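Here is a short briefing on a ligand site and its aromatic contacts.

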Amino acid sequence: MDAIPYGYHWVEDADAEAVAHALRSRWITQGPLIREFEERVAARCGAPYAVAFSSGTGALHAACFAAGIGAGDEVITTPMTFIASANAVLYQGGRPVFADIDPQTLNVDPAQILEQITPRTKALLPVHFAGLPCRMGEIAHLARRHGLIVIEDASHALGAEWATTTGQAEKIGSCSHSDMAVFSFHPVKHITTGEGGMVLTRREDLRDRLRRFRHHGITQRPSAEGESDEPWCFQMEDLGYNYRITDFQCALGLRQLDRLEFFLSRRAEIARRYRQGLADLGLGWQEDLEPGIRHAWHLCVVQLPLDQLAKNRKEIYRSLRAKGIGVNVHYLPVPHQPFYQRRFGYHPGQFPVAERYYERALTLPLFPRMVHGEVERVIASVRKVLQESRRADAVPRSQPQGAMQE
Ligand SMILES: *Cc1c(COP(=O)(O)O)cnc(C)c1O
């Protein structure tokens, strides 16, 4: 039987056709499909402006630039994220500062953010871990009180929603409670452009800075004839990069966006089935009981009941991998990466909630293209491995919820 990966893209023949069509057109890089893709994502999320980039990491870097982050500025983020969230701050010469997570949501804990705010703090960079929205109301409140910029790393959360205390539904990416929100279109994410990313914003000034940064810091040529003595010259205003996405990538992105709702509902359905089929195993689940939450299910992360098991996490991981179940672990806390430990002297024990989560964490395979048989195979394999490694003296758990066929 084939191994089941932890994530996988879904590119159809019609998607490939759309890319081929773009490749045969007049423009293969800076053509009209980029603007169309930007407008469509912005409209889907409810933000007025979007700027597409060649990767999510490039988009994060651009957001840090647009926010004016520079030497000596501190940016508070979460230890439980992909390294790119924190690296983007370093690219601009800023310092990432980590605030521990909430044990239930696994998102950065607003109370911990408050503890880390200093006079040097410039921005907050929350990450909607696995696709579960952060408490944006509380984060925006902190930002207002301390005069901070908010950049959401929404790489896991295209399609996620939450509700304000007054019951107002809010989409991630609308930037109603932030200055910018960043998406990634890497193939394991909700929709793909191969490599790609985007920054959404409500602020025209940020949009203009983002556009310049993507294209070497160059401003648009003056449009009126004779405005310049040297009409062939362009003007470089900032130190930008080449972070441009291509037209044919956006052709793919537009097609993928058409199926976003279907992708989201498949992801939610699989996650629901996991939760039901594994309910009696003593696993820990990520959740937020606030009303109005829509989880985008980029990842399905569980926490192993290690105190009831005779095997450790590595042994469980290896047993499942040997059965062709592509489990994974997200993430080693960023401050414990060798580079961060060397540069900033971080040591174990500084982020106890993130560390405790990490020690028990396991990510189950989750992608829309998984077929029913694969989902059931993951459930059966996890059940078997955990039941076989149960300690003889472990307290028995309650019966499974819902119908289980062994
Ligand atoms: C995927 C991801 C990124 C970066 O995305 P790329 O498109 O691969 O550069 C950034 N932050 C988080 C949390 C991610 O998951």
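The shell around the ligand has five nonpolar, ten polar and two charged residues. Here Ala, Val, Leu, Ile, Met, Phe, Trp, Tyr, Cys and Pro count as nonpolar, Asp, Glu, Lys and Arg as charged, and the others, Gly among them, as polar. This is a predicted model: local features need pLDDT of at least 70, side-chain atom pairs count only at pLDDT 80 or more, and totals for chains, interfaces and linings use all residues. Residues are numbered from 1 along each chain as its sequence is written, and side-chain values use heavy atoms, with hydrogens and water left out.

**Ligand site**
- In total, 17 residues surround the ligand (a heavy atom within 4 Å).
- The closest are Gly-56, Thr-57, Asp-153, Ser-184 and Lys-189.
- Helix α3 (56-66) gives the most to this shell, with three residues.
- A polar side-chain atom of Asp-153 lies 2.7 Å from a ligand nitrogen atom.
- For Lys-189, a polar side-chain atom lies 3.0 Å from a ligand oxygen atom.

**Aromatic pairs**
- The whole structure holds 19 aromatic pairs (ring centres of Phe, Tyr and Trp, its six-membered ring, within 6.5 Å; planes under 30 degrees apart are stacked, over 60 edge-to-face, the rest tilted).
- Phe-213 and Tyr-243 form a tilted pair, 6.0 Å centre to centre with 50° between the planes.
- Ring pairs link Phe-98, Phe-339, Tyr-340, Phe-344, Tyr-346 and Phe-351 into a cluster.

**Charges over rings**
- Arg-209 lies over the face of Phe-65, 4.6 Å from the ring centre (CZ of Arg or NZ of Lys within 6 Å of the centre and within 35 degrees of the ring normal).
- Arg-26 lies over the face of Trp-27, at 5.4 Å from the ring centre.

Key
A polar contact is a pair of N or O atoms within 3.5 Å; within protein, one must be able to donate a hydrogen and the other to accept it, and residues adjacent in sequence count only if both atoms are side-chain atoms. Helices (H or I, at least four residues) and strands (E, at least two) are DSSP runs, numbered from the N terminus.
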